[in-house]
Amino acid sequence: MASASIPVYSSSNNPLENSSSHNASRESLKMEPLADCSLLPGEERIIDKDIIYICPFSGALKGKVFITNYRLYFKSTDADPAVTLDVPLGAIGRVEKMGGASSRGENSYGLDITCKDMRNLRFALKQEGHSRRDIFDILFKYAFPLSHGLLLFAYLSQEKFEENGWSVYKPMEEFRRQGLPNDKWRVTFINANYELCDTYPTILVVPFKATEEDLRKVCTFRSRGRIPVLSWIHRENQAVICRCSQPLVGMSGKRNKDDERYLDLIREANGTAKLTIYDARPSVNAVANKALASCLLHCMLVSEVRTEEATGGGYEGDDAYQNAELVFLDIHNIHVMRESLKKLKDIVYPNVEESHWLSSLESTHWLEHIKLVISGAIQVADKISGGNSVVVHCSDGWDRTAQLTSLAMLMLDSHYRTLRGFQVLLEKEWISFGHKFANRIGHGDKNHADQDRSPIFVQFIDCVWQMTKQFPTAFEFNERLLVTILDHLFSCRFGTFLFNCERARDTNELRSKTVSLWSLVNSDLSFYQNPFYTPESNRVLYPVASMRHLELWVTYYIRWNPRIRQQQQSPVEQRYIELLALRDEYLKKLEELQLSDSSPNSSHLSNSSTPNAASPTQHITHLHTPF
C-alpha cells in the first residue's frame with residue numbers, strides 16, 4: 001500500500017476551480033486582452049453565452065461562457081471570488097447533451113463535457129427555444145476539428161518565441177554525444193525516405209557488421225518493420241539499449257536466420273556471452289501465441305492475445321535464439337491502462353472519499369502498474385550497468401517499449417535529467433521513434449470510444465515524477481515542467497505531440513507550420529528549474545519500486561478539487577532560492593572588489609595589507625548554505 005498516497009486537504013472553502021488561471025502563467029504574457037479573457041495570437045472568439053455552471057464544489061453558478069477556436073472559458077457572475085474555468089478544447093474528450101426539452105427539475109437541461117485531464121464539466125441552459133443547439137454545435141465542431149475537416153489550433157496559432165524549440169533535438173548531435181558512430185556501431189540512412197519502416201526516424205544506428213540487405217531481411221520478420229536499433233550506449237562498458245517490436249514467429253514458431261544472426265551481432269558488439277531480451281508483456285500474453293489454450297485460463301488477456309495471434313506475433317524462443325536470455329516484465333497492455341486510469345478518475349473527481357481512500361486507490365491498480373513499469377526499467381538499467389547489452393520490446397515497440405527505454409536512460413544518463421536533456425529524451429524516444437500520440441490521445445477526433453486511446457505517456461510522466469520525489473536533487477527540472485508537458489499533451493496549442501510518427505509530421509509540415517512546446521519552455525527556463533538540483537555526471541539512479549515508496553501524484557490528478565491544498569512554493573525551497581540570490585550578490589561584490597584591487601589606484605591598498613589578512617575570496621569560500 002502506498003504510504004503517502006492520501007490527499008492533503010485544506011480547511012479553506014476557496015471555490016476556485018482552476019488555480020492555474022490565477023498564476024497568470026508566464027505563457028499569458030504575450031496574450032492580447034479581449035472581453036473577459038485574454039486570447040493567444042491567432043485565437044478568435046466564436047461565441048459567448050449566458051449559462052449556469054454546475055460546479056461540483058460550489059453548486060450552480062450563473063455566468064458567461066466564451067468559446068474560441070482554442071478554449072472554453074467560463075467566469076461566474078454570482079460568486080465572490082469569481083469561479084473561472086479555462087479549458088483548452090483539445091483537452092475535451094466527449095461532449096454530450098444532458099436532458100431533453102421535456103426534462104423536469106432545475107438545471108437538468110444542458111451539456112455534459114468529459115475532459116482528458118481528469119475533470120468533467122456540466123452546464124445548464126434554459127429549455128425554451130433549443131437554447132443549447134448553437135453552443136453544442138460550435139463546441140462539438142471546434143473541440144474535434146479533424147472530425148469536421150478543420151485545422152488543429154497549432155496550425156492557426158501565431159505565437160512567436162525567441163528560441164526555435166524544433167532545434168532542441170538533432171539526432172546526429174545526440175549520437176555524437178554518446179560517442180557514436182564507432183568501430184562496433186554505424187549510422188545508416190536506409191530509412192531516409194521511410195521505405196524500411198514508416199514509423200521509424202530517418203537516422204538509425206545499427207551493428208557495424210550488419211549490411212543494408214541484412215536490415216531489409218530482418219525488417220520482414222519484425223512487427224511493423226520495427227527492427228532492433230540502438231537507442232543508447234554506455235560510454236565506458238559499451239553496453240547498449242536496443243529497441244524494436246516483437247518477432248513474427250506465429251503459432252507455428254517460425255524462424256528467421258537473418259533475425260537470429262542480427263541479434264547475435266548486437267551481442268557480439270560488446271562481447272558478452274548472452275544478450276538479454278526484455279519483453280515488456282506478461283509472459284502469458286506472449287506464450288499464448290504458441291499455446292492458444294492459455295487464453296482459457298487468462299480470459300482477461302484474450303484481446304491482446306488474439307490481436308498478436310492475428311499478426312503472427314510472439315517472442316524469441318530459446319531454441320532459435322540460443323545466445324539470448326528472454327525476460328518478461330509483466331506490464332499490461334494499453335486497454336488495461338486505460339481502464340485503470342478511468343477507475344482512478346472515478347475516485348478523485350469530483351469528490352474524494354477519505355474514509356475508504358486507500359482501498360479505493362488500491363482497487364484502481366494505477367500505482368501497481370507504475371511499480372511494474374519502474375521495476376522493468378530498473379532491470380534494464382542494472383543490466384546495462386553490469387556491461388550487458390539489452391533488446392527491449394513489447395508488441396509493436398511504441399508504448400511499453402518507450403516507457404522502459406526512456407526511464408532506463410533517465411536512470412543511467414544524467415544528461416537526460418537536465419532541462420534540455422529531458423526534452424531531447426522525449427523527442428528521441430517518444431516522438432521520433434513513433435509513439436502513437438494521435439491515436440493514444442485522440443487529438444481533434446470525436447471518437448471518444450476509440451480502443452486505441454490510452455494514457456501511456458501520462459503514465460511515463462508519472463513514473464518520472466516518482467523518480468523526482470525519490471531523488472529531489474538529481475533533476476534540473478521541477479514538477480511544473482511535468483504538469484506543463486501533460487497539459488500541452490492535450491491542448492493542441494503546440495505541434496510537439498501531434499501525429500503518430502515522423503513521416504506523418506513531415507507530410508503535414510509540422511515543423512514549419514506550428515510552434516514547438518520547447519519554444520515556450522526555453523523562453524523562461526527559470527520557471528521550470530529545480531533550485532535543489534546538484535549535477536552528478538556519473539551517478540546511476542535506482543529508485544525504489546515498491547508500493548510503500550510510491551505516491552499518488554495528488555497535485556496533478558486531484559488539482560481541480562479546491563479542497564486540496566494547492567502546492568505553493570515550500571518554505572524550504574523559498575529560503576533556498578533566497579540564499580542562492582544572496583550568494584550571487586556576494587559573488588558580484590567580490591568581483592567588483594577584485595576589479596578595484598587590480599586597478600592602479602588601489603595598488604597602495606594591496607601593498608599595505610598584512611600577510612595574515614583574509615582575502616574576500618577566503619571569506620566567500622567559507623560561506624555555506626544550511627543544505
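In which loop is Cys 394 found? In this predicted model, Cys 394 is found in the loop between β16 (390-393) and α11 (400-412). The close-up views below begin with this residue.

View A. Cys 394 counts as buried because its relative accessibility is 3%, below the 20% cut-off. Leaving out residues up to four places away in sequence, Cys 394 touches Cys 244 and Gln 246, the residues Asp 279, Ala 280 and Arg 281, and also Asp 399, Arg 400 and Thr 401.

**View B. Glu 502, a buried acidic side chain without a salt bridge.** Glu 502 is found in helix α16, which comprises residues 502-507. The nearest side chain of opposite charge belongs to Arg 511 and is 5.8 Å away; a salt bridge would require a side-chain nitrogen of Lys or Arg within 4 Å of a carboxyl oxygen. The side chain of Glu 502 instead makes a polar contact of 2.9 Å with the side chain of Ser 432. Apart from residues up to four places away in sequence, Glu 502 touches Tyr 194, Pro 201, Thr 202 and Ser 432.

**View C. Helix α12, residues 419-432.** At 1.5 Å a residue, the 14 residues of α12 should span 20 Å, and the 19 Å between its end C-alpha atoms agrees with this expectation. The helix is mostly covered, with 13 of its 14 residues buried. Gly 434, whose phi is positive and near 80°, follows α12. Ser 432, the polar partner of the Glu 502 side chain, falls within the residue range of this helix.

**View D. Thr 68 in strand β4.** Strand β4 consists of residues 59-68. Thr 68 has a relative accessible area of 1% and is therefore buried. The side chain of Thr 68 is joined to that of Glu 43 by a polar contact of 2.7 Å. A polar atom of the Thr 68 side chain also lies 2.8 Å from the backbone nitrogen of Arg 71.

**View E. Residues brought together around Thr 68.** Thr 68 and Glu 44 are 24 residues apart along the chain, and their C-alpha atoms are separated by 5.3 Å. When neighbours within four places in sequence are set aside, Thr 68 is in contact with Leu 39, Glu 43, Glu 44, Arg 45 and Ile 46, together with Leu 89 and Tyr 142.

Definitions and conventions. Residues numbered from 1 in each chain as written. Predicted model: local features only at pLDDT ≥ 70, side-chain atom pairs only at ≥ 80, totals over all residues. Heavy atoms only, no water. Helix = DSSP H or I, 4+ residues; strand = E, 2+ residues; numbered from the N terminus. Buried < 20%, exposed > 50% of the residue type's maximum accessible area, 1.4 Å probe, protein only. Contact = heavy atoms within 4.5 Å. Lys, Arg positive; Asp, Glu negative; His and termini not counted. Polar contact = N/O pair within 3.5 Å; in protein donor to acceptor, adjacent residues only side chain to side chain. Expected span 1.5 Å × (residues − 1).
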